[in-house]
Each structure stands twice: as structure tokens, then as C-alpha cells.
Amino acid sequence: MTLTEWPQTAAPDTPVSLPPTAASDAPKAVSDTPDAVSQTQKRNPIKPTRDRLMTALSLVAAIGGTLVGVIGFAMSYSTLAKVALSWGFSKELAPWFPVGVDASIIAFLALDLYLIRKSTPWPILRMAAHAMTGATIWFNASSQGQISTDPVKAASHGIMPILFVIGVEAARRLIIQKARLEAGTATDRIPLHRWILSPVATPQFYRRMRLHGITSYPEMIRRQQDLIGYEQWLKRKYDGDLDKATEDERLPMKMAAHGYTVAEALEMPEQQERDAEARAEEAERRRLDAETRQELARKKAEADRLEADGQLEAVRARVEGETGQARAHARAQVSAAERAAELEEAALETAVIAEARAREAEAERKEAQEREAKGAAEVRAAELERQAAEKRRLAAEADRVVAAEAQAIETAEIAEARKRAAEADRATAETERAAAETRRRAAEADRLTAQENDRKATADANAQAARLREAETEQAAAEARLAAAEIERRAVEIEDAAKLSPRERSVRKVARMILAVDGDADQVLLADIQRETAVSSTDTASKYRQEAVDLLREGYRSGL
């Protein structure tokens, strides 16, 4: 074997504690064949005999312990009852004194065993039971007088409680050991011969077992052998000078006092390096996790901020939209009122123009009347001219008769000349008569035209008067609309300043509609409410009207 090779840690025949047998080593189930059972019994023929022996011993111990306890209790009861009478207890209380003393011992010991069974021992119970046992022994021993005068007699009375306590302690030890075996914490005892053969090193050996929770005595022996073998190997490696060994190589000697094995001590540096690397990796992971969480928190905060900004912008846009809509509606109403006023002004101007035209028509009518009168005068003049022409014709006829009478004496030339003159006069008369008829017809046409113009002028005057009245009515309506638009504008400004919700604005608008009809809510139709508030549900419109009525009852007035 070279110096660097690891030596054998323990002798091959060193006993070590074996782990519990696997479940497969347990006896077979009932369903197994008899051959298997017989084979198991052949492999371990001593175990059934030992189990029966242990069972018998347990029965004998239980029966004997119970018998000793009953006898000790009976004897203690009789003795202590008499002592109680001699100590001044009454006849009624004296029998209860031994019951209380002995029952306290049994109760304390039973409770101590129960707590040990539940793995929660309380040493005070055991000490109290021992104290009461000592008192019982003392009471029983002193019941026959002075102990020094007759110690044998005193011992005969005090021995039975001692036997009872010994039996209980044996049962307690059995229960504790069984519980430790079931929990895997049972501790091996150090053999008595080791205490005798190595009285100096054995206490340190025992101390290390107890301090480091080593329950197996063979395991502790193996550890000590490993340490001695390793130390010898180091001495051989460095020629007996352990100071040449490195700190890591000297770790098993240093850490043995702290419960480390040689292998655990040698593995410690590497394990610590791995632990350090694991801690560094864990620290790096936590740092990265922290950075990731910070980044996530920052992004989440940024997302929340953007979402809040979006919600704020949406609310602002909605409010601005509603406000703009209300203002646009008010501006539209004001514009409509201004347009109506302009139209009314135009209507007034038209009425003035119509009145001027009516005056012009009246003047034309009068002029037509004058022309008609003039035409009548001309007709009369034409009639007079016709009459004159007729007279001239008659005169011409008379002249012709006179000419016919004087034909005999006139020459043919004179007669012809007269004839031509008469013809000329007749043609002239005819022409004048036709001209007079033409003038009469013209005068009649002028008269009819004047009458028609008069009728037209009268109709125009009536139409202008009607348009004037209509314009005055429209002006009054426009003024009312203008006033309503002004009230609506002031109400919108007040609602904007009050930052009312769209529903509150709609309710106030319906209230103003009710005020416009002298406060009669029934006159405001749901269709009008739907149109003015831009809602499609008649139920919502009905609720608006009811809320508007309630608002008016509370004293709301438009513009306030």
C-alpha cells in the first residue's frame, strides 16, 4: 500500500449496527403455502421458542408485579390507617389517609408512564412519585416505634413499598426502551468491562456518544478506529511529523470532538465550497429574481400608469365631448335664434318693402283712376265729336239735299266737287267715329286695367299685411327662442361649472322643457324627451321626466 492510498477504516469483523430488516423479510401472509411457512421456521427455529419464553416472562412479571403491588398496598393501607388513628385522624378520615398516599404514588407513576408513551416526559411526576414512596416507606417503618430500636421490624414494614416502586421502575424502563426502539432513538449501553479496563478514556467516549447523538456503540467504536487509522496513515505519510500535513488533512482530528467522522471531515472543504457556490448561485438567483421582480413591478407600474392615463384621457375626452356637444347644441340654438332674428329682420324689411309697394300700388290705382277718368272724358269728347260728326253728316246730308235741289242750277263740276267734299266729310266723320270708338275702347281697357291693378294692389296690400303679421309672430317666436337659447346656454355653463354627469344634465334639460310648458309634465312627450336627450328607451325617458319633476319640486329653476 502506498502512502497516498486510503487505509481500511475498520477491522472486517468489527460489529456494526445493522439497519432494520426490510418488509420482504417479514413472515409471509396467511395466503402463503404451508411449505413456505415451514421453510421459514426451519431457517429460524429458535425465534418461536424465544418469543414464547418472552411472552411467559412478561406474564410472570405482570402477575408478580401486580401481586406485589396489591400486597404492598394492602399492608401499607393497614399500617397507615392505624398510624393515622394514632396521629389524631378521626375514624372517618383515617381509612382515607393511606388511600390518598398510595393512590398519589400510583397516579403519578401512571401519568409519568403515559407521558413517556406520548414522548412528552415530565420528570417532576417521577420525582413526586418517589417522594411519596419515600414518605410511605418512612410512615410504614416508623409505625412500630423508633427505627433505631428495632430496625429489622421497621424494614419488614417498609420493604413492600420499595418492591412496588422497583416493579414500576422496571415497567417504566421497558416502556421507555420500547418507545425508543420504535422511534429509532434507542441508545446502546457501554459494556461494563470497558469502564473497568479503560476508566480514563471511557467517560470521554460516553460523553461524545451523548453529545453527538450516537446511539450505536459499535458505530462509535468504528468511528474511533477510523480516526486512529487515519492519524497513523498521516504519520506514515509525513514520517511522523503531522505538522507537515495541510489544514484540510488535519480536519478529522480537529472535528472528531464535534461528532464528525473521518469521511465527513475530509469532505467538509469540498462540501463547504459546494455550499459556498450554491449560496453564491442562490444569491445570484435571488438578485436576478429581485431584478426581475423590480423590472416586472416597474413595467406593471408603468402599465398601470398608462392605463390610468388612458382612463383619464377617456374620461376627459368623454367629458369634453359631452361638454362640447352641449356647447355645440347651445351654439346651434343661439345660431338658430340669430338666424331667426335675421330672418325676422329680413321679414320686417320685406314688410316695409311690401308696404312701400302697397303705397305704390295705391298710387298706381289712383293714377289708373285718373287715367280712367281721363279716358271717360275722352270717351265723352269722342261722343261729342261723334255727335258733331253726326251733325256735320246731317248738315252734309242737308247740303246734299240742298245741292240736289240746286242741281239744276249748278254745274256738273260744282256738283262733283261738292260730292267729293261730302264724301271727304263723310270719310272724315267715319274716321273720327272710328277713332272715337278706338279711344273709347282704350279708355275701357284702361279702366279694366286700372280695376285689375286696383284689385292686385288690394291683394298685395292684404298679403303684405298678412306677411307683416306673420313676421311679427315669427319675430315674437324668435325672441322666445332666443331667450330660451340664452337660458339653455346659461344652464349649460352652470352645469359645466358644476361638473354634472350626463344623466344630471339630461334631467335638467327635461326640467327646462317642463318649465317651458308652464310646469305641466304631461305636456312633455316621451318622444320629445328621447329626441332632446338622445336616448332610445322610453323607460329611460320616463325616468328622466319623473326625476325632472322631483327636481322641480326641490326648487330647481332654469338658469339657477
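**Aromatic rings and their surroundings**

Guide: In this predicted model, the charged end of Arg-194 lies over the ring of Phe-205, at 4.1 Å from the ring's centre. Rings may also pair with one another. With centres within 6.5 Å as the requirement, the count is three aromatic pairs. One of them joins Trp-195 and Tyr-206: the ring centres are 6.0 Å apart and the planes meet at 55°, so this pair is tilted, since stacked pairs need planes under 30 degrees apart and edge-to-face pairs need over 60. The pair connects distant parts of the chain, 11 residues apart, with Trp-195 in helix α6 (residues 192–197) and Tyr-206 in helix α7 (residues 201–211). Trp-195 has a relative accessibility of 32% and therefore counts as partly exposed. Tyr-206 is likewise partly exposed, its relative accessible area being 34%.

Another pair consists of Tyr-230 and Trp-233, whose ring centres are 5.7 Å apart; the planes stand at 35°, so this pair is tilted as well. Both residues belong to helix α8 (residues 217–237), and because they are three residues apart, about one helical turn separates them. Tyr-230 and Trp-233 are both buried.

As for the whole, the protein chain contains 14 helices and zero strands. Of its 560 residues, 24% are buried. The chain exposes about 37,900 Å², of which carbon and sulfur atoms supply 58%. Among contacts with a separation of 6 or more, 59% involve residues 24 or more positions apart.

Methods: Residues are numbered from 1 along each chain as its sequence is written. This is a predicted model: local features need pLDDT of at least 70, side-chain atom pairs count only at pLDDT 80 or more; totals for chains, interfaces and linings use all residues. Side-chain values use heavy atoms; hydrogens and water are left out. Helices (H or I, at least four residues) and strands (E, at least two) are DSSP runs, numbered from the N terminus. Buried means under 20% relative accessible area, exposed over 50%, partly exposed in between (1.4 Å probe, protein chains only). A charge sits over a ring if NZ of Lys or CZ of Arg is within 6 Å of the ring centre and within 35 degrees of the ring normal. Contact means heavy atoms within 4.5 Å. Accessible areas come from the Shrake-Rupley method with a 1.4 Å probe; for residues, only the protein chains shown count as cover.
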